[in-house]
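Please walk me through this model in the viewer. Tell me what to select at each stop and what is there.

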Amino acid sequence: MKTKYLISGLAFLSIISCRAPLNVANVQTEKNISISQDLPEDQTFKNIIEPYKIELEGKMNNKISHTAVDLTKRGDNSDLGNLLADYTFEGADAWAKKNGIVDGVDAAIINIGGIRTNIGAGDILTKHIYEVMPFENEVIIVKMKGTDMQGLFDYYLKTLKNNPVSHLIIETDKDKITNQLIDGKPIDLNKTYYIATSDYLALGGDNMDYLKKGELMPTGIKLRDLFLEKFIANPEVKVPTDMRLNFKNKKNKTDE
């Protein structure tokens, strides 16, 4: 029995003697630096950035327009949503006519989730547009066959989503579409349609998969730049009052 334990002990010593020696790093305790407002300000750095800060603040606080009423994104026919959808239509329509699409675009769709805040009554400043549209989304024109256009209206019937539209009328009641018009007319199955939207929606965002059936035409126009341009061109905002989305079977008509 003693021989058995001796052999086991020698085997163990043999194993540990073959292992590489463990080097323990010399770890020294350093003082933690707490990040807080009490840290001294780097005056040199402040002097460098101060002129740029002043210039940026000046641009952001520049008055570009005025609204007599609050512009909000709430509801199926939100005034801010409809206004920005109209601006999207106008910008895309002008681009289309300059680039070989003789009759321009037929309608526009934007997503309500991309509108990040409201604009209160009073002066509209540059910074307000950056707050409303902080993303770098691009205006895309989707070229679609008339036979694929029903998907647009079916999407709204299924989701009752208040994604703002321009030059579209969509009315639903229970599980049926009671009215659907593109620029005041029913769908023409033989027509080619041009729908202005954002790159986010054009690629199927918000489950708008029907748009992926079309041909995407990038415009190079950033939505935020377009909105800035439109507000500057309209020193007094005129709020759209027409009914575009009318979901009679929707329980909560104040969804954002």
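Start by selecting helices α3 and α7, which are roughly perpendicular to each other. This is a predicted model. Helix α3 covers residues 79-98 and helix α7 residues 223-233; their axes are 10 Å apart and cross at an angle of about 100°. An angle from 65 to 115 degrees counts as roughly perpendicular.

Now show the side chains where the two helices touch. On the α3 side, select L83, L84, Y87, T88, E90 and G91; on the α7 side, select L223, L226, F227, K230 and F231. By class, this contact of α3 with α7 has seven nonpolar, two polar and two charged residues.

Next, turn to the aromatic rings. The whole structure has four aromatic pairs. Select Y155 and Y156: their ring centres are 5.2 Å apart and their planes stand at 90°, so this pair is edge-to-face. Both of these tyrosines, Y155 and Y156, are buried.

F247 counts as buried because its relative accessibility is 0%.

Finally, select N162, in the loop between α5 (150-159) and β5 (165-166). Is N162 buried or exposed? N162 counts as buried, at 2% relative accessibility. Its side chain reaches the backbone oxygen of G75 at 3.1 Å.

Key
Residues are numbered from 1 along each chain as its sequence is written. This is a predicted model: local features need pLDDT of at least 70, side-chain atom pairs count only at pLDDT 80 or more; totals for chains, interfaces and linings use all residues. Side-chain values use heavy atoms; hydrogens and water are left out. Helices (H or I, at least four residues) and strands (E, at least two) are DSSP runs, numbered from the N terminus. Buried means under 20% relative accessible area, exposed over 50%, partly exposed in between (1.4 Å probe, protein chains only). A polar contact is a pair of N or O atoms within 3.5 Å; within protein, one must be able to donate a hydrogen and the other to accept it, and residues adjacent in sequence count only if both atoms are side-chain atoms. Axes are lines fitted to C-alpha atoms, for helices over the stretch in contact, and angles run from 0 to 180 degrees between N-to-C directions. Angles under 35 degrees count as roughly parallel, over 145 as roughly antiparallel, 65 to 115 as roughly perpendicular and the rest as oblique. Contact means heavy atoms within 4.5 Å. Ala, Val, Leu, Ile, Met, Phe, Trp, Tyr, Cys and Pro count as nonpolar, Asp, Glu, Lys and Arg as charged, and the others, Gly among them, as polar. Rings of Phe, Tyr and Trp (its six-membered ring) pair if their centres lie within 6.5 Å; planes under 30 degrees apart count as stacked, over 60 as edge-to-face and the rest as tilted.
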